[in-house]
Amino acid sequence: MHKAEFVVVANRLPVDRVSDAGEGEWRRSPGGLVTALEPVMKKADGAWVGWAGQPDVDLDPFEFDGTMLVPVTLSAEDVELYYEGFSNDTIWPLYHDVIAEPRYKRVWWESYVRVNRRFAQAAADAAEPGATVWVQDYQLQLVPRMLRDLRPDLVIGYFHHIPFPAYGLYSQLPWRRQVLEGLLGADVIGFQRVADAGNFARAVRRQLRYETKASGIVVPEKDGTTRRALAKAFPISIDATSYIELAHRDDVQARAREIRESLGNPKRIFLGVDRLDYTKGIRHRLKAFGELLTDEKLSVDDVTLVQVASPSRERVAAYIQLRDEIELTVGRINGDFDTMGHTAIRYLHQAYPREEMVALFLAADVMLVTALRDGMNLVAKEYVASRVDNRGVLILSEFAGAADELGTALRVNPHDIEGLKEAMMRAVEMAPAEQGRRMRAARRRVLEHSVEDWSREFLEALAQFHGAGRSGVDA
Ligand code: GDG
């Protein structure tokens, strides 16, 4: 097989299969990571290692849009144990502050180890001597170490898209040492927030007793030498330009007006856009909105909440239960408050094309990001980028990574329902001049630091640090 000088390893390949019939029917998937890495991939001779999204399908590596895609096969059992089990029912809830109870099952862990090894082997096979390999996210935390053992010549980076929890929670994990050792196989371990990098360094000190200094960690190797790893925040961003372009399009703006009209032209529209996930605080925002209607602070004649909850992890028990709870709550609120002409909540358990998302952003006076814990939350940045008119109010949870950057949003603690209600009222009443001031500052930040800057900064740090930290001596 042809060897690449730059290899991305992620749970998913950056493509979706268009139809089950026939071969070679692939479409680029819409994710931000794909956009982020596109410039790097185009410049370098790149390969992407990942799962194609369907169980029990063996595929040979193939070229797509100038990039070599290397499919890793997952059986239906791997999907159940490694992906739905360990990744999404152990690591995901544990790393999001145990909002849902993590389940620790040894068969899930064993599958996670096996599948991580398969990804590491595929990456080792795809990389040319001295290549740079960038591993993505919590499904693949063991890959950096496995890959280094297979290929000590490689430059290895890892980026963690979700939070890294405080030590008191992390230490619940029965395999806490193995996971830290897995991650420390990388030269650079990137996190969303400074606090995540700090939590990681503390776990390393407490569990492994390795020395940490500023962002550097001294990692002893089996041969008695040491190397240095860097654990540091590299906050991810969005492809801001593409949102701005969409927001300027006549058809998208016309669609935004049409959305308002079809909701009965309310004075104010609240919007939530999330994967249907218990980390996103959807129940908290429904509760606050419902109480504002009960208290008669708001009326359905004037205000509507549009909640897009895109289907996610639908076979994991906690998600099935969450969906039931949310749909019960929405049904109750609508039943109590709807009129023939106006609805309280327009709930959409569907996924939409990006054009429709931007039209929704333009139609929404108030964007609700009330996550209980979130690595970054790209929706907050997408809303801000789309508001080319410098209008609209972003209500943003302090527990989302985006809160570190978007200081002019209305910050909330979503657990504090009274505080959330106050912020919602303040947003509804905010004068256009204040909206403009806050939105302009937030937009400046997102525009100045887009996802291309993120990947460039990470890869520059990786190249530099790898050069400096070698040879067993402290740089
Ligand atoms: C993880 C971390 C971190 C959602 N519904 C639709 C749709 N989306 C898009 C959004 C946004 C993306 O999906 C979701 O990204 P978030 O950042 O909001 O949240 P997670 O999915 O949990 O992502 C998170 C992120 O990784 C990146 O590092 O920020 O903290 O949890 O882009 O717009 N897009 C379309 N239709 C939908 O129905 N087209």
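Which helices and strands each supply at least two residues of the shell around the ligand?

Author: This is a predicted model, in which local features need pLDDT of at least 70 and side-chain atom pairs count only at pLDDT 80 or more, while totals for chains, interfaces and linings use all residues. Residues are numbered from 1 along each chain as its sequence is written.

The elements that each supply at least two residues are E13, E14, helix H12 (354-363) and helix H13 (378-386); helices (H or I, at least four residues) and strands (E, at least two) are DSSP runs, numbered from the N terminus. H13 gives the most, with 3 residues. Of the 21 residues around the ligand, His161, Ala351, Gly375, Met376 and Leu378 come nearest; a residue is near if its C-beta atom, placed from the backbone, lies within 6 Å of the molecule. The shell divides into 12 nonpolar, 5 polar and 4 charged residues, where Ala, Val, Leu, Ile, Met, Phe, Trp, Tyr, Cys and Pro count as nonpolar, Asp, Glu, Lys and Arg as charged, and the others, Gly among them, as polar. At least three residues come from each of domain 1 (4-236 + 452-463) and domain 2 (240-448), with bounds from an automatic or database domain assignment.

E13 and E14 also belong to an open sheet of 6 strands, in the order E15-E14-E13-E16-E17-E18, with parallel pairing; two strands pair if DSSP finds at least two bridges between them. Strand E13 (residues 268-275) pairs with E16 (residues 366-369) over 2 bridges, and Phe270 stands opposite Val366 in E16.
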